[in-house]
Amino acid sequence: MPLPEPTRYAPTGLCHLILEVLAYAADEAEDLGAGRAVVEFHPDGSVSVSDDGRGTQMAVGDDGRPVRKPVMATKDFRYFDFPPATPLPDGHPRYGMSVVAALSEWLVHTNRRAEGAWTQRYRHGVPVDDLVAVPADGTTGTSVRFLPAAGLDNGVSAESLRPLAERLSEVLAVEV
């Protein structure tokens, strides 16, 4: 996916990117009836969002290896091809996880499901390595850690994010 226009696809900067990731976790929580997500701001400027959902859906390729749903590297047709996109709590349209990946210097997507766990790295939305198996730890869920592209970290704080995150879903508990 080519680098999108930050002012169009992330008009509130880092806040919008975090809300995109939380919306993904909220979708899982809605399907499961409940869920929890944790947002963490790291000293290096990166942000991680981890949830306790069932993990990103996986498929098995013809070679028997797991293939991740292309949620990080391709436009989500639910938001790009059928406007108007659902607004996020910041009042701007949702565009999906691929926008977060594309507007990040780097992004690491770790996925834990009942049948295994995998991780993959991206640079500006392009995978930089293959899907790599990681040791299962008995949990399920998705963790997305990303470093927003220059200019997108507009000073969002836990205090400013919390009220918006709480409006995403009635069944997703968000800890910031």
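Biologist: Is Y95 buried or exposed?
Modeller: In this predicted model, the relative accessible area of Y95 is 10%. Since buried means under 20%, that value puts Y95 in the class called buried.

Biologist: At what angle do the planes of the rings of Y9 and Y95 lie, and what is the pair called?
Modeller: The structure holds one aromatic pair, and its two rings, those of Y9 and Y95, have centres 4.6 Å apart. Their planes stand at 80°, and because planes over 60 degrees apart count this way, the pair is edge-to-face.

Biologist: How many residues apart in sequence are the parts that the pair of Y9 and Y95 ties together?
Modeller: Y9, which is likewise buried with a relative accessible area of 10%, belongs to helix 1 (residues 6–9). Y95 sits in the loop between helix 3 (77–80) and helix 4 (97–102), so the pair links parts whose separation in sequence, in residues, is 86.

Biologist: With the side chain of which residue does the side chain of T119 make a polar contact?
Modeller: T119 is found in strand 6 (residues 116–123) and is buried, at a relative accessible area of 16%. A polar atom of its side chain lies 3.2 Å from the backbone oxygen of H109, whereas the side-chain partner, at 2.9 Å, is T110.

Methods. Residues are numbered from 1 along each chain as its sequence is written. This is a predicted model: local features need pLDDT of at least 70, side-chain atom pairs count only at pLDDT 80 or more; totals for chains, interfaces and linings use all residues. Side-chain values use heavy atoms; hydrogens and water are left out. Rings of Phe, Tyr and Trp (its six-membered ring) pair if their centres lie within 6.5 Å; planes under 30 degrees apart count as stacked, over 60 as edge-to-face and the rest as tilted. Helices (H or I, at least four residues) and strands (E, at least two) are DSSP runs, numbered from the N terminus. Buried means under 20% relative accessible area, exposed over 50%, partly exposed in between (1.4 Å probe, protein chains only). A polar contact is a pair of N or O atoms within 3.5 Å; within protein, one must be able to donate a hydrogen and the other to accept it, and residues adjacent in sequence count only if both atoms are side-chain atoms.
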